[in-house]
Amino acid sequence: MPGEPSEYKPLPGGYDELVGENGQSRAELGKIPDLFLKKTPEDLAHTQNLAELSLRNQGVTFSVHSDQRGSEKIFPFCHIPRILSSSDWASLEQGLLQRLTALELFLADVYGEQKILAAGEVPREMVLSAKFFLPELVGVKPPHRTRIHIAGIDLIRDPQGNFLVLEDNLRTPSGVSYVLENRLVSKRVVPQALTEARVRPVDHYPTRLARILREISPSSTDDTCAVLLTPGPYNSAYFEHAFLARSTGIELVQPTDLYVDQHKVFMRTTRGPQRVHVIYRRIDDTFLDPDIFRSDSLLGIRGLINAYRNGNVALVNAPGNGVADDKAIYAFVPAMIRYYLGEEPKLAQVPTYVCARPEDRAYVLEHLEELVVKSTDETGGRGMLMGPQSTPEQRETFRQQIEADPRRYIAQPQINFSTCPTLDPKTKQLVARRIDLRPYILTGPSGSWVLPGGLTRIALEEGSYIVNSSQGGGSKDTWVQQAEVSS
Amino acid sequence: MISRVADHCFWLGRYLERAESIARTLNVTRDLALDGGFEPHQCWRPLLIVCGEEPIFLERFGASKIADGEIVQEFMSWDQQNPDSLLRIVSAARENAKAIRDLLPMEVWEICNELFLWLTNGARTTFLEERYEFYRTVRHQVQLMLGLMRGAMIHDTPLDFIWLGLMIERLGQTARMLDMHHYIFRSLTPAQTHQEVETAIWLSLMRACSAHESFLRQFQGRVSAQTAATFLFLESRFPRSVRYCTHVSYERLCDIRSPSERDLPGHRALECLHELDEWIAQVHPSQMKTPEIHDLLTHVVNEATTASNLIQREFLGG
């Protein structure tokens, strides 16, 4: 009936971000959820239209490879925010910082003395066989000893409301530009709710990033030249590359703009060669330097890795980080936290069966129908089997693949992760859709900092668990509330 | 050129620039206020001070309403008794444009007229429902007029007067805006003095001066009180800096009447701008810090007012 708020029903058995078990807005979020839940479908649809128009005008797009026309699409956005209370956020933040510290120590160790392997806490062959482990870099110390300058940790929330780490992204995590752009949209279309919710700003991320890029420079910070290296306008994340270059004030360069001479990196400019000290590269390790990785690669800068080895250029993130976000190594992160920090993990993670271990493999092959199987070195939701939703043929394919190359597979129980009220574009009703959260952590010589909020991705299809943008996912603004000021 | 016509040109330039600047500043201040971390009055009061409207506002609405962004925006957009409301400024720009319709490209007059008609009929809904779009439309229509005049008029005395008015207006706006943000910076409470809040202030200032990308590129993302002030005060290549606006004002006036022709009207105005231009060239980046910068900016604002008054008196019969 027009003029009446639609009735929102969370999914049974799951945790809903805005609505509690009693069907009312969560107490810790005050009256903010009601500012959205009590709106009429017409109002919600109107605001949603404004939001989409705004995103189109801002040119917030991504290109989809599978699309024949190579057209640019708007990253689907729902204007109803995901809201996190200040206390939920505070404990999450502590957990993320602890995890990052351990992962950073792990990388330093693996590319150094390999003590944790000697101690047997992480199986040696598991590390040495990781696709993104780079033996060429053992013994190389990056400028200022930081390797994970930018991390994106994917989290989900279980039915009890606990955050669980789903995966670590320590190579070139993407998506932060959507966090900043989504906030601009919120400011435009729901200013009143944003004011009342007292949300922590996200605007200063690029300034922090720019400072870290200067701080890790092998040169004195005053004449440092930092650049952002993009594969070019045809890359699916080009929008983000341009966004970050613009908002940090650094030059956006393509591989052909750079060359290496005498182990130093230079940029070709109208005023001759200009020395480059820091490269925030949005190119995979394997395409960085054809001398080292793929001689067939047309991308890449010949001699870059040697310049890096000589300490003449800082790479953000450091090459070789992929060994730490390998999905099989993930199973050992709690062990790393205990080994390096002598602490219990503050953030839980999803129980994981590592198919390289015979007993785990046997269990996985017997329970394919219940488990989510993931390839250890793929991203973007590719190489996955969603057991409960799969067909017998799909399970058979995965069985053969696991048996052929067990190191490449892990399996996890399917977690019924949390939902958030989302506007259904067709019916204009509020529906429960599953969401995840990717917070971003910046690390420089002076420490780590977590951007308050992060990217909330939505599985837009009813009942779906797939939030990846390449597979029809969308996003929401993430509102972290300010802590009450104690006077 | 007839003095009266020159007067209309000068004020058309001033009002168009003021409309754009106020629309931009209202939008940017609104963004700043939406980010937690500031008290509403810390954002809106300085805006009223920059526009010189604080006394009128206080008298009309009382001190408590200065924290109410909606009332401030209403006052600065629609108030008939506020000479600096967008409605009154655009109306004044249109009156000046109408008086020199014969001189302006047809399109410029049409856009000016359309903008005014939209404000009196239709824009109210946009203001209430899509605030960002409202400010954006005002800015874009003004920018369109400025671009058309530069691209379609003979670069001669009439356009020189329009541009002189625009640059003098912009000079005052940039100087006051910079001063206002140093004022916010100084008024932060101890709980607020951290990197996040400071960055927000200076980036907000840069957006208010259309300087966001240029500034970040110039300093590779170094955001501080000092880099912000250095850029907006001293950067001779940025078309909204104090230095640029002063210099171009002087150049326009030189084209209107050459410094060598001492007996023509406008000699004292020219000298005033020349002195200010030379004075700015002496200012050193090390002086770009709070609170010293306040005195420098006050000098700039006063001299810009003097120059404008002299132009008015010597050329325009005012």
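Reader: Which residues line the second largest cavity?

Author: Tyr111(A), Leu137(A), Val140(A), Arg147(A), Tyr308(A), Ala318(A) and Pro319(A) line the second largest cavity. Keep in mind that this is a predicted model. The volume of this cavity is about 40 Å³.

Reader: How is such an empty space found? And what classes of residue line the second largest cavity?

Author: First, the general idea. A probe the size of a water molecule is rolled over the atoms, and this shows where empty space is left. Now the case here. The lining of the second largest cavity has six nonpolar residues, one charged residue and no polar ones.

Reader: How many cavities of 30 Å³ or more does the whole structure have?

Author: The search finds five. The largest cavity has a volume of about 60 Å³.

Reader: What lines the largest cavity?

Author: Take the lining in groups. It includes Glu17(B), Ser21(B) and Arg24(B). Arg170(B), Gln173(B), Thr174(B) and Met177(B) also line the largest cavity. So do Ala208(B), Cys209(B) and Arg240(B). By class, the lining has three nonpolar, three polar and four charged residues.

Reader: Which helix gives the most to the lining of the largest cavity?

Author: H9(B) does, with four residues. H1 and H9 of chain B each supply at least two.

Reader: I see steps of three and four in those numbers. How do I read that in a helix?

Author: Start with the general rule. An α-helix has 3.6 residues a turn, so residues three or four places apart point the same way. Thr174(B), Leu178(B), His182(B) and Phe185(B) of H9(B) meet Ala225(B), Ala229(B), Leu232(B) and Phe233(B) of H12(B). By class, this contact has six nonpolar, two polar and no charged residues.

Reader: At what angle do H9(B) and H12(B) pack?

Author: The angle is about 170°, and the axes are 10 Å apart. H9(B) covers residues 157–186, and H12(B) covers residues 225–234. An angle over 145 degrees counts as roughly antiparallel. H9(B) and H12(B) are therefore roughly antiparallel to each other.

Reader: Now a single residue. Is Thr29(B) buried or exposed?

Author: Thr29(B) counts as buried, because its relative accessibility is 4%. The cut-off for buried is under 20%. Thr29(B) sits in helix H1 of chain B. Leaving aside residues up to four places away in sequence, Thr29(B) touches Cys43(B), Trp44(B) and Leu47(B).

Reader: Which residues of H11(A) are buried?

Author: H11(A) runs over residues 333–341. Its buried residues are Val333(A), Pro334(A), Ala335(A), Met336(A), Ile337(A) and Tyr340(A). Their cover includes helices H3 (86–110) and H4 (115–118) of chain A. Strands S5 (163–169) and S13 (348–349) of chain A are also part of that cover.

Reader: What comes just after H11(A)?

Author: Gly342(A) does, with a positive phi of about 65°.

Methods:
Residues are numbered from 1 along each chain as its sequence is written. Chains are lettered from A and ligands numbered from 1 in the order in which they are written. This is a predicted model: local features need pLDDT of at least 70, side-chain atom pairs count only at pLDDT 80 or more; totals for chains, interfaces and linings use all residues. Side-chain values use heavy atoms; hydrogens and water are left out. Axes are lines fitted to C-alpha atoms, for helices over the stretch in contact, and angles run from 0 to 180 degrees between N-to-C directions. Angles under 35 degrees count as roughly parallel, over 145 as roughly antiparallel, 65 to 115 as roughly perpendicular and the rest as oblique. Contact means heavy atoms within 4.5 Å. Ala, Val, Leu, Ile, Met, Phe, Trp, Tyr, Cys and Pro count as nonpolar, Asp, Glu, Lys and Arg as charged, and the others, Gly among them, as polar. Buried means under 20% relative accessible area, exposed over 50%, partly exposed in between (1.4 Å probe, protein chains only). On a 1 Å grid over the protein atoms alone, a cavity is a set of points where a 1.4 Å probe fits but cannot get out, and a pocket is an open set with protein on both sides within 12 Å along at least five of seven lines; lining residues have an atom within 4 Å of a point. Grid points are joined across faces, edges and corners, and a volume is the space filled by probe spheres set on the points.
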